Amino acid sequence: MAYDMIKTVLQAESLAKQSEAQAQQRAQAMLESARETAASLEAAALEQAQNEAKLVLSEAHYTADGMLKQADKLAELREKKVIAETEKRYDEAIDLVLNHLTD
């Protein structure tokens, strides 16, 4: 009878050790899976941040390029305006010079 009790206790103890080992293995597997998931999420977040940075840089480049083109166009239009206004005054300038020379 004592043997049966000891045997039952030893079996329970053995089963508990097996369960503990299995639980430890499952916990280790879960931890490894969590680490892999975290690494994957970190890589995805880093890639997304890099893509967003490239997009912002590209937008900034296009914006700066557009602003330069607008500034060039505005300068060209102002130059044409000055030339046109100067041409309008040619006759007046010629008359003034002629009047000054004849006086």
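Is Glu76 buried, exposed or partly exposed? Glu76 is partly exposed, because its relative accessible area is 35%, where buried means under 20%, exposed over 50% and partly exposed in between, with a 1.4 Å probe and protein chains only. The model is a predicted one, in which local features need pLDDT of at least 70 and side-chain atom pairs count only at pLDDT 80 or more, while totals for chains, interfaces and linings use all residues. Residues are numbered from 1 along each chain as its sequence is written, and side-chain values use heavy atoms, with hydrogens and water left out.

**Overall form**

The protein has two helices and zero strands. Helices (H or I, at least four residues) and strands (E, at least two) are DSSP runs, numbered from the N terminus. The radius of gyration is 44 Å, well over the 13 Å that the globule rule gives for 103 residues, so the protein is more spread out than a compact globule. That radius is taken over C-alpha atoms, and the rule is 2.2 Å times the number of residues to the power 0.38. Along the principal axes, the C-alpha atoms fill a box of roughly 150 × 15 × 10 Å.

Of the 103 residues in the protein, 0% are buried. The accessible surface is about 9,700 Å², and carbon and sulfur atoms account for 60% of that surface. Accessible areas come from the Shrake-Rupley method with a 1.4 Å probe, and for residues only the protein chains shown count as cover.

**Helix H1**

Helix H1 covers residues 2-88, and Gln22 lies in it. Gln22 counts as partly exposed because its relative accessibility is 43%. Between Gln22 and Tyr3, which are 19 residues apart along the chain, the C-alpha separation is 28 Å. Ser40 is also placed in helix H1, and its relative accessible area of 48% makes this residue partly exposed. From Ser40 to Gln25 there are 15 residues in sequence and 22 Å in space, C-alpha to C-alpha.

**Charges and salt bridges**

The protein carries 12 positive and 19 negative side chains, and the centres of the two sets are 6 Å apart. Lys and Arg count as positive and Asp and Glu as negative, whereas His and the chain ends are not counted. Each charge is placed at NZ of Lys, CZ of Arg, CG of Asp or CD of Glu. Side chains of opposite charge can pair when their charged atoms come close. The whole structure holds two salt bridges, a salt bridge being a side-chain nitrogen of Lys or Arg within 4 Å of a carboxyl oxygen of Asp or Glu.

| Salt bridge | N to O distance |
|---|---|
| Asp65 and Lys69 | 3.5 Å |
| Lys80 and Glu76 | 3.2 Å |

Asp65 and Lys69 both belong to helix H1 and are four residues apart, about one turn of the helix. Asp65 is partly exposed at 29% relative accessibility, whereas Lys69 is exposed at 55%. Lys80 and Glu76 likewise lie in helix H1, four residues apart, about one turn of the helix. Lys80 is partly exposed, with a relative accessible area of 48%.

Helix H2 spans residues 90-102 and includes Tyr90. Ile94 is located in helix H2 as well. Tyr90 counts as partly exposed at 46% relative accessibility, and Ile94 is partly exposed with a relative accessible area of 47%. Ile94 is 15 residues from Glu79 in sequence, and their C-alpha atoms are 22 Å apart in space.
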